[in-house]
Amino acid sequence: QLQASGGGLVQAGGSLRLSCAASGRTFTTSGMGWFRQAPGKEREFVAAIHWNRGVTNYADSVKGRFAISRDNAKKTVYLQMDGLKPEDTAVYYCAAGRSPVIVTKKYEYWGQGTLVTVSS
């Protein structure tokens with residue numbers, strides 16, 4: 001199971017940190033990622049990280065503003081979001097994959113979403 005948390009309401013330019021804790025079968029995955037889905041839009045990739053070496057990958061829209069990290073001991077992945085913009089408003093989902101997700105882009109496990117709302 002994947003448990004995401006940390007969403008909320010923030011003003012433009014503000015920061016939020018999302019967390020996603022892995023347990024059960026997701027405990028042995030190779031990597032995790034964050035996705036988001038805004039109202040009326042397709043779900044889009046935000047960032048990903050591999051558990052082993054901490055290799056990361058970001059969508060161009062969040063590069064330089066968001067940072068993904070992991071705590072292997074806690075099996076938790078974080079998404080630090082700085083410089084938030086109204087267009088970052090979305091439901092954010094964490095996901096986990098058994099393969100190197102940055103390469104394969106395959107995610108077998110999905111968590112429930114957490115809503116991030118950025119006001120202008």
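## The disulfide

Cys20 and Cys94 pair up as a disulfide, with their sulfur atoms 2.0 Å apart (the cut-off for a disulfide is a pair of cysteine sulfur atoms within 2.5 Å). Cys20 sits in strand E3 (residues 16-22) and Cys94 in strand E9 (residues 90-97), so the bond ties together parts that are 74 residues apart in sequence. The torsion about the S-S bond of Cys20 and Cys94 is about 60 degrees, so this disulfide is right-handed. Both Cys20 and Cys94 are buried, meaning under 20% relative accessible area with a 1.4 Å probe, protein chains only. The structure holds 1 disulfide.

## About the model

This is a predicted model, where local features need pLDDT of at least 70 and side-chain atom pairs count only at pLDDT 80 or more, while totals for chains, interfaces and linings use all residues. Residues are numbered from 1 along each chain as its sequence is written, and side-chain values use heavy atoms, with hydrogens and water left out.

## Fold and packing

Reading along the sequence, you get β-β-β-β-β-β-β-β-β-α-β-β, which comes to 1 helix and 11 strands (DSSP runs numbered from the N terminus: H or I of at least four residues for helices, E of at least two for strands). The radius of gyration is 13 Å, close to the 14 Å the globule rule gives for 120 residues, so the protein is as compact as a globular protein of that length. That radius is taken over C-alpha atoms, and the rule is 2.2 Å times the number of residues to the power 0.38.

As for burial, 45% of the 120 residues count as buried.

Conventions:
Buried means under 20% relative accessible area, exposed over 50%, partly exposed in between (1.4 Å probe, protein chains only).
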